[in-house]
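I set out to look up the charged side chains of this model. The entries are kept in the order of the search.

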Amino acid sequence: QKVGAWNFAPPTLNARVGQELLAINHGGELHTFTEVEEFGGGFIPDLNTLSGEPVPAPECLSLEPTDLVPPGGTYTDEVEEEGTELYQCCIHPWMRTVVTARE
């Protein structure tokens, strides 16, 4: 249901509102770093089934080409409000992190 070496590090993160999050793809596969309301599957049905997340997160079904992070690539997202934000890879849905934001 997951591949141990394929994960977001750290799995939890504390941040400040206004801070930029920087995701760096150190792997050899294409990934996304997508903010979702709730964790779910991604846009590849076979990987969703294997991960035990058969229902895609809605955000994973409306990605733009610029949301894809190639090997060696980066992606940034600004923390916009206090609270908990969830991020996942919409290709490999077991790759997740929880960001707790404060002012």
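This is a predicted model: local features need pLDDT of at least 70, side-chain atom pairs count only at pLDDT 80 or more; totals for chains, interfaces and linings use all residues.

Residues are numbered from 1 along each chain as its sequence is written, and side-chain values use heavy atoms, with hydrogens and water left out.

Entry 1. I searched the whole structure for salt bridges (a side-chain nitrogen of Lys or Arg within 4 Å of a carboxyl oxygen of Asp or Glu) and found one. Glu53 and Arg96 form this bridge through their side chains, at 2.8 Å from N to O. The pair links distant parts of the chain, 43 residues apart: Glu53 is in the loop between helix H1 (45-51) and strand E5 (68-69), and Arg96 is in strand E8 (residues 96-102). Helices (H or I, at least four residues) and strands (E, at least two) are DSSP runs, numbered from the N terminus.

Entry 2. I looked up the exposure of both partners (buried is under 20% relative accessible area, exposed over 50%, partly exposed in between; 1.4 Å probe, protein chains only). Glu53 counts as partly exposed because its relative accessibility is 22%; Arg96, at 25%, is also partly exposed.

Entry 3. I then turned to Glu85, in strand E7. Glu85 is buried but has no salt bridge, and the nearest side chain of opposite charge, Arg102, is 11 Å away.

Methods. Lys and Arg count as positive and Asp and Glu as negative; His and the chain ends are not counted.
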